[in-house]
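Me: I have a structure open and want to learn how to read it. Please walk me through a few features.

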Amino acid sequence: MSAGYYDAYYRRAQEVRRRITDDFAAVFASGVHVLFTPTTPTPDVTSVTVAPATATMSVGETVNMTASVTAINGAAATVTWSSSDATKASVSATGTVTAIAATPGVAICATSTVKADRKGCASVVVQAATTVLPATISI
């Protein structure tokens with residue numbers, strides 16, 4: 001390509017640069033300022049589910065429940081456990097449920113430590129303990 005082509009290209013590039021510089025100078029001279037502040041994503045929990053969803057137990061038995069937490073943006077995936085009636089079925093901090101007394105239903109819930117309105121619950125039925133007596137034989 002000829003030197004004239006490169007000269008024209010260079011002049012055009014200089015003109016574009018001048019226009020951009022003038023445009024920015026005019027914006028700042030008018031008192032309008034643009035400030036870009038990066039935002040940090042907010043940690044959040046979108047759901048909590050408990051497994052198993054239902055359990056039938058006898059008095060004295062234990063069942064291990066697990067909580068699955070869907071967390072985004074680095075939110076903690078931790079929960080606190082609770083029972084709707086701790087006199088019928090209690091739950092430990094690790095999700096171990098202990099059947100205490102017969103009841104047709106107790107809710108065992110795992111609540112997010114990040115967002116208290118995010119919780120999952122399981123239904124637990126506690127049956128009375130059955131006693132098996134040894135067979136007696138008369139001779």
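**Contacts of D44**

Reply: Start with D44, which, leaving aside neighbours within four places in sequence, is in contact with T70, A71, I72, A75 and K115. Contact means heavy atoms within 4.5 Å. This is a predicted model: local features need pLDDT of at least 70, side-chain atom pairs count only at pLDDT 80 or more, and totals for chains, interfaces and linings use all residues. Residues are numbered from 1 along each chain as its sequence is written, and side-chain values use heavy atoms, with hydrogens and water left out.

Me: Is D44 buried or exposed?

Reply: Buried means under 20% relative accessible area, exposed over 50%, partly exposed in between (1.4 Å probe, protein chains only). D44 has 19%, so D44 is buried.

Me: With which side chain does the side chain of D44 make a polar contact?

Reply: A polar contact is a pair of N or O atoms within 3.5 Å; within protein, one must be able to donate a hydrogen and the other to accept it, and residues adjacent in sequence count only if both atoms are side-chain atoms. Here the partner is the side chain of K115, at 3.3 Å.

Me: How do I read a sheet?

Reply: Strands of a sheet pair through backbone hydrogen bonds, either parallel or antiparallel. Strands are DSSP runs (E, at least two residues), numbered from the N terminus. Two strands pair if DSSP finds at least two bridges between them.

Me: How many bridges join β6 to β7?

Reply: There are 3, linking β6 to β7 (residues 96–99). S90 stands opposite T98 in β7.

Terms used. Helix = DSSP H or I, 4+ residues; strand = E, 2+ residues; numbered from the N terminus.
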